[in-house]
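I open this notebook to record what I looked up in one structure. The entries follow the order in which I worked.

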Amino acid sequence: MTRLMLGRTLERICKAVLLLCLVHFLIMMILYFDVYSQRFDIFSRFNNGRNSSRAQHLYNLSRPNATFAGYLSTADHLLASVRPEANATPTAKPMPPCPEMPPGLVGRLLIEFSSLMTMERVQKENPNVTQGGRYTPPDCRPKQKVAIIIPFRNRDHHLRYWLHYLHPILRRQKIDYGIYIINQLGEDTFNRAKLLNIGYVEALKEAEYDCFIFSDVDLIPMDDRNLYHCYDQPRHFAIAMDKFGFRLPYAGYFGGVSGLSKKQFLKINGFPNEYWGWGGEDDDIYNRITLNGMKVSRPDVRIGRYRMIKHERDKHNEPNPQRFNKIQNTKTTMKKDGISSLTYRVVQVKKHPLYTNISVEIGKPPPRPFKG
């Protein structure tokens, strides 16, 4: 009896276990097919997305107002925007600003005047200089546009050497520049400062220059780190000439090569027009600068060295005997004598391959007072 009871009990337990296993199996199958159907749906969406992925992220057909025609028009617009135009040109990449100290500078230079110099040779050495003596760096954007102005008369031999040395120096300095030779016609007394004023006016007729370098034609810099551009204060470049033993002759010296911005030049009313003959005008310019609250800046003496082409003093450029008296009166004369009172006549403007020549008539000097 006891064994019979035990056997029935075991049978019931086994049936219960089998029933539980069956239920578990059914539940697992239901879950399995549900997960599989979700994966299949995701896979089908992925395949459809691959065939139209470019349009799907721009146009959603599930939107309430979406139409298939609208979808096609959007797709056509997309293709039109992606398709390159036949006449489209690539946008030019903006050039970087030119460095403050260009990497191509070489420093101290060997300057000599014994070798034969021709204009043809100088032109071959500078193929990138354009007509009229203009040059712009091709690989950077200069901060200033510089006009280099040279007062001139009967110095063709010196001009060839000046162009031979200065064009390569200026190109290495990454200067955007133009060179203007202001040629005084006739045989009357030479007037350097008035020619410089004329150069300022005439250069501005050609380009929007904002910096002006005034240089004698017989002075060559011996170091290309002496950068020919304008500074916060008027600049005196030629501070150590060989004829002065590579020293500044006196504290107020402003001769040879100097530079002023347009604003600085106008502030001092330009240069004096009444210094006929040699000497005095550079001291007058120095006085104008200091009287207008500015200071002269200069390079290091080791960099501001210059060699002068030796020559005899020009005819009709004798020392001005009135220069000392005029220098003492700069304060009273600078408002009425300068760029505001400039008069001259342009006879010819001729653009050469390496410079622009402007020939002018500047009038005659006033008669000198009779010595009693």
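**Entry 1: a nonpolar surface patch**

I noted a nonpolar patch on the surface, formed by Leu19, Leu22, Val23, Phe25, Leu26 and Met29, whose accessible area together is about 550 Å². I record at once that the model is a predicted one.

Met29 belongs to helix 1, which covers residues 2-51. With a relative accessible area of 31%, Met29 counts as partly exposed, because that class lies between the 20% limit for buried and the 50% limit for exposed.

**Entry 2: the chain as a whole**

I looked up the overall composition next. The secondary structure amounts to 10 helices and 11 strands. Of the 372 residues in the chain, 42% are buried. The chain exposes about 22,300 Å², and 58% of this area is supplied by carbon and sulfur atoms.

**Entry 3: the search for disulfides**

How many disulfides does a search of the whole structure find? The search gives two. I remind myself that a disulfide is a covalent bond between the sulfur atoms of two cysteines. When I counted the bonded cysteines along the chain, the pattern was 1-2, 3-4.

**Entry 4: Cys98 and Cys140**

The sulfur atoms of Cys98 and Cys140 are 2.0 Å apart, and the two residues form a disulfide. I read 85 degrees about the S-S bond, and the link of Cys98 and Cys140 is right-handed. Cys98 sits in the loop between helix 3 (68-82) and helix 4 (119-125), while Cys140 sits in the loop between strand 1 (134-135) and strand 2 (145-152), so this pair ties together parts that are 42 residues apart in sequence.

Are these two cysteines buried or exposed? Cys98 is buried, at a relative accessible area of 10%. Cys140 is buried as well, at 5%.

**Entry 5: Cys211 and Cys230**

I turned to the disulfide of Cys211 and Cys230, where the sulfur atoms lie 2.1 Å apart. The link of Cys211 and Cys230 is right-handed, with 90 degrees about the S-S bond. Cys211 is in strand 4 (residues 211-215) and Cys230 is in the loop between strand 5 (219-221) and strand 6 (235-236); the pair links distant parts of the chain, 19 residues apart. I noted finally that both Cys211 and Cys230 are buried.

Key: Residues numbered from 1 in each chain as written. Predicted model: local features only at pLDDT ≥ 70, side-chain atom pairs only at ≥ 80, totals over all residues. Heavy atoms only, no water. Disulfide = S-S within 2.5 Å. Helix = DSSP H or I, 4+ residues; strand = E, 2+ residues; numbered from the N terminus. Buried < 20%, exposed > 50% of the residue type's maximum accessible area, 1.4 Å probe, protein only. Patch = residues over 30% accessible without salt bridge, like charges linked within 9 Å, V, L, I, M, F, W, Y side chains within 5 Å. Areas by Shrake-Rupley, 256 points an atom, 1.4 Å probe, with all protein chains shown as cover. Salt bridge = Lys/Arg side-chain N within 4 Å of Asp/Glu carboxyl O.
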